[in-house]
Amino acid sequence: MSRLKTMVRNQNGVPPLAAGHSLCQGCGIPIVVRTVLDSIPGKKVVVNATGCLEVATTRFPTTAWNVPWMHVAFENTAAVASGVESAYRALRRRHVVDEEITFVAFAGDGGTYDIGMQALSGALERGHRFVFCCYDNEAYMNTGVQRSGATPFGASTTTSPTGSVGLGKLQQRKDMTAIAIAHHVPYVAQATASHWQDLSQKAERAGAANGPAFLNVLSDCPVGWGHEPREFKRILDAAVETRFWPLYEVVDGAYRLTYEPKERVPVEEWLRTQKRFAHLLKDENADLLAYIQRQIDEDWNALLGLCGRAVAA
């Protein structure tokens, strides 16, 4: 609670993202946004890609935002954030602006992994000082639950459906966190909406980084994932405990686990919580389930090695 009490509000004493939005019950996005913005001290400017967050927080003629906020397209979030940050630095050099401002970009996995990846890569490579936060709910939820580059293998979506000849998405999801790390930026981290203190600490470090920072935050979608809204925390926790979504950070190239499950939990404990994976739990798909478990175990061992830890048996 002490950390919660010390979170910084904006200059008016109100939360950067207020109540009154229309995000779905049980959605993890508002938790991600509030935690990230409340954990970064001082004034913030938000650049927001098209998506669930943008649509649900700015229903004309109202807005849930209490900070300067800019809506941009799917593909150019990082480019716009780069331009705004560059203009701010120019004004600082001319002493037109003297106050410290942190620039934070929010986008879903569609606007990060896929449509916005080129602009994000360019911004990271150029070294613009801003925090890019992906709220990853693993599909294009805002436009009808279509598959994205973040959709896991085997997940059923409207464009990778299950059925008599379909087994869900047939490709592995991109490792967007690793792609960001490959740009050699000062700070990259994976987090979840359910482990809020871990996310808060990472957001604070991201805001203080001397250069680009990237946060990849797993955020559930009750509609797209197929679960009761009240189950959101239990489901996100299961993603972490089964090692499907490890919590770690990379500071100037050095890897560090920020949470380690006490025991190996089978991945089916994560899959069974969501209707999009129900077909994988059928007896005839036992080989697919084993394949997913093997991939998770291999990825976990690789991560342990990068963190300088002993590989699990």
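Me: To begin with, what makes S3 and S4 a pair of strands?

Reply: This is a predicted model. In it, 5 bridges join strand S3 (residues 101-108) to strand S4 (residues 131-136), and the two run parallel. Pairing requires at least two bridges, so with 5 bridges S3 and S4 count as paired. One of the bridges can be named: Ala107 has Cys134 in S4 as its partner.

Me: What does helix H8 touch, and how is H8 directed relative to S5?

Reply: H8 packs on the sheet, where it touches S3, S4, S5, S6, S7 and S8. The direction of H8 makes about 160° with that of S5.

Me: Which strands form this sheet, and in what order?

Reply: The sheet is open and has 8 strands in the order S2-S1-S3-S4-S6-S5-S7-S8, with mixed pairing.

Me: Why are S2 and S8 called edge strands?

Reply: Strand S2 (69-72) and strand S8 (254-259) each pair on one side only, and they are the edge strands. On average, neighbouring strands of the sheet are turned by 20° against each other, direction ignored.

Me: How do you know that the pairing is mixed?

Reply: The partners of S5 show both senses. S5 and strand S6 (residues 213-218) pair in the parallel sense over 6 bridges, and Thr192 stands opposite Leu218 in S6. S5 and strand S7 (residues 247-251), by contrast, pair in the antiparallel sense over 4 bridges; here Ala189 has Glu249 as its bridge partner in S7.

Me: Which β-α-β unit does S5 belong to, and what is its hand?

Reply: The unit consists of S5, helix H8 (residues 196-208) and S6, and it is right-handed. The term applies because, with the strands pointing away from the viewer, a right-handed path from the first strand over the helix to the second runs clockwise.

Me: Why is strand S5 described as mostly covered?

Reply: Strand S5 (residues 187-192) has 6 of its 6 residues buried. A residue is called buried when its relative accessible area is under 20%, so each of these 6 residues falls under that limit. Tyr187, Ala189 and Ala191 point one way from S5, while Val188, Gln190 and Thr192 point the other way. In a regular strand the side chains alternate between the two faces of the sheet.

Me: Which residues have the most contacts inside the largest nonpolar core?

Reply: That core has 92 residues, and Val36, Phe106, Leu215 and Trp270 have the most contacts inside it. Helix H12 (residues 286-306) gives the most to this core, with 7 residues. Leaving aside neighbours within four places in sequence, Val36 is in contact with Val104, Phe106, Cys133, Leu199, Ala203 and Leu215. Contact here requires heavy atoms within 4.5 Å.

Me: What makes the protein as compact as a globular protein of its length?

Reply: The protein has 12 helices and 8 strands. Its radius of gyration is 19 Å, close to the 20 Å that the globule rule gives for 313 residues, so the description holds. Along the principal axes, the C-alpha trace spans about 65 × 50 × 40 Å, and buried residues make up 53% of the 313 residues.

Me: Where does Phe74 lie, and which residues is Phe74 in contact with?

Reply: Phe74 lies in the loop between S2 and helix H4 (77-93). Leaving aside neighbours within four places in sequence, Phe74 is in contact with Thr50, Gly111, Ile115 and Gly116.

Definitions and conventions:
Residues are numbered from 1 along each chain as its sequence is written. This is a predicted model: local features need pLDDT of at least 70, side-chain atom pairs count only at pLDDT 80 or more; totals for chains, interfaces and linings use all residues. Side-chain values use heavy atoms; hydrogens and water are left out. Buried means under 20% relative accessible area, exposed over 50%, partly exposed in between (1.4 Å probe, protein chains only). Axes are lines fitted to C-alpha atoms, for helices over the stretch in contact, and angles run from 0 to 180 degrees between N-to-C directions. A nonpolar core is a set of buried Ala, Val, Leu, Ile, Met, Phe, Trp, Tyr and Cys residues joined through side-chain atoms within 4.5 Å. The radius of gyration is taken over C-alpha atoms; the globule rule is 2.2 Å times the number of residues to the power 0.38.
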